[in-house]
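Please consult the sequence and the structure shown below while reading.

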Amino acid sequence: MLRGSELLADEGTQNVTLQAVECVAVALVFVMGLIFGSFLNVVIARVPMGESVVHPRSRCPRCGHQLAWYENIPVLSWIALRARCSSCGLPISWRYPLIELLTGLLFLACQRRFGWSPELVSGLVLVLLLVPLSFIDLEHWILPHELTWPGIAAGVVLSATQGLDRLRDSVIGAVAGFLIFWAMEWIGEKIFKKEALGAGDKDLLALLGAFLSWKALLGIIFLSSLQGAVVGSLMLLIHGRAGPAPEPEAPEPPPATPPSPQVAPEGEPGAAPEAAGADLAQAEKGEGEEEDDWVPGPTNIPFGPWLSLAALEIMLLGPWLSEVLPVPLDLLLSGVR
C-alpha cells in the first residue's frame, strides 16, 4: 500500500514537472515571437525601399541614431524610452511594439493550435510572412515579390514534411491560387478598362495555397472579400476613403530653363532634329511614369491584409469556425486541417 502511495506521488511530481516544462516552452515561443517581431519591423521599413535588412543596425528613422542593444529589446525598450528616441527626442511610432506583440501572440496561438507537431513550423513561417506583407501593403500598397516568391517556395518545401499527399495539395494550391487571381485580374481589366486587382495579390494567394493547400482557397477568398467589403464600406462612410490615404507626394523641383534653340546654317545638320528627338523621348518617359504612378482612389482598399487575416482565421480558428457556422459556410472551410 505504501508503494502504491509512493508511485502516485511520483506520478504527481512528474506531471507537475512536465506541466512546468510545458509552460516554460510555451513562454519561450511567445518571447521568440517578440524577438522575430522586432526583426519584422526592420523588414517592413526597409524592403519597400530596396534596402538590406541585415546592415546597418537598427536606427532611428528621423535622426539616424543607431540603437544600442538595450534600446532594441522588444516592447520593453519602447516603454523604458517613453516612446521617444534617446538621441533626437522625437516620438517612436506605436507600430513597433504593436508588431512585436502581434507576432508574439500569433506565435503563441500557433503553438496552442498545432502543439509541437511539424505543422507548428509551417504555421510560424506563415506568420513571419503575413505580418510584414500586411503592414507593407497597408502603407505602400504593394506586396513585394522579395517576400511572396520565397514564401511560395517555403510553403511547398515545408509541406513535404507532412507527406506526399500534403505536398501534392500544396503544389495544386500554389498554382490554383495564382491562376484564380490572374483570371480575375484579366477579366477585371477587360470590363473596367483599368487595373482591377493589385499585381501582388495573385502571388500572395499562391503563397497561401502553398501553405494551406488548395482546399482552403475558397474560404480565404470568401472571408477576405466579406470582411474587406464590410470594413471598407464603413471606412468610406466615416472617413470618405475605404482604404488608407496614399503617402503625400514630394514636391517636384522647378523645371530648368530650356536652352535657346540653335539655328543651323541651311544645308547643314542642325540641333532641331536632336531637340525633337529629346522631346519625344521625354514624352515617352512621361507616359511610362504616368502608367506606373498609380494613385489609390477613395474606393480602393489594399487587399493583402484581408487575405492574410482570412488565412490566419482559417489556420488558427478553422475547427471552431466549421463547428459554429451553418452547413453552406462550413463547406467553404472543409479544407481546414
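A disulfide is here a pair of cysteine sulfur atoms within 2.5 Å. In this predicted model, a search of the whole structure finds zero disulfides. C88 takes part in none, since the nearest cysteine sulfur, which belongs to C63, is 3.7 Å away, and the limit for a disulfide is 2.5 Å. C88 has a relative accessibility of 30% and so counts as partly exposed. C110, by contrast, has a relative accessibility of 0% and therefore counts as buried.

## Overall fold

The protein contains eleven helices and zero strands. Read from the N terminus, its elements follow the order α-α-α-α-α-α-α-α-α-α-α. The protein has 337 residues, of which 35% count as buried. Among contacts with a separation of 6 or more, 70% are made by residues 24 or more positions apart.

| Helix | Number of residues | Span, first to last C-alpha | Expected span at 1.5 Å a residue |
|---|---|---|---|
| α3 | 20 residues | 28 Å | 28 Å |
| α7 | twelve residues | 16 Å | 16 Å |

For α3, the span is close to the expected value, and for α7 the span is likewise close to its expected value.

How many residues of α7 are buried? Twelve of the twelve are, so α7 is largely enclosed by the rest of the structure. The buried residues of α7 include the charged residues D201, K202 and D203; also among them are L204, L205, L207, L208 and L212, together with A206, G209, A210 and F211. Against which helices do these residues pack? Their partners are α4, α5 (145-159), α6 (164-192), α8 (217-239) and α10 (304-324).

The buried residues of α3 are R95, P97, I99, E100, T103, G104, L106, F107, C110, Q111 and F114. An α-helix has 3.6 residues a turn, so residues three or four places apart point the same way. The buried set of α3 includes I99, T103, L106 and C110. C110, whose relative accessibility of 0% was given above, thus belongs to the buried residues of this helix.

## Backbone features at helix ends and in loops

Just after α3, G115 adopts a phi of about 65 degrees; just after α7, S213 adopts a phi of about 80 degrees. S213 is a residue other than glycine with a positive phi, and it is found in the loop between α7 and α8. With a relative accessible area of 1%, S213 is buried.

W141 also has a positive phi, near 60 degrees, in a residue other than glycine. The position of W141 is in the loop between α4 and α5. Is W141 buried or exposed? Its relative accessible area is 14%, so W141 is buried.

A cis peptide bond is found between H55 and P56, with omega about 0 degrees. P56 lies in the loop between α1 and α2.

The loop between α9 (272-292) and α10 holds G297. At 18% relative accessibility, G297 counts as buried, because the cut-off for that class is under 20%. The C-alpha atom of G297 is separated by 8.7 Å from that of A242, although the two residues are 55 residues apart along the chain.

## The second largest pocket

Helix α1 gives the most to the lining, with six residues. By class, the lining consists of 18 nonpolar, eight polar and nine charged residues.

How values were computed
Residues numbered from 1 in each chain as written. Predicted model: local features only at pLDDT ≥ 70, side-chain atom pairs only at ≥ 80, totals over all residues. Heavy atoms only, no water. Helix = DSSP H or I, 4+ residues; strand = E, 2+ residues; numbered from the N terminus. Expected span 1.5 Å × (residues − 1). Buried < 20%, exposed > 50% of the residue type's maximum accessible area, 1.4 Å probe, protein only. Contact = heavy atoms within 4.5 Å.
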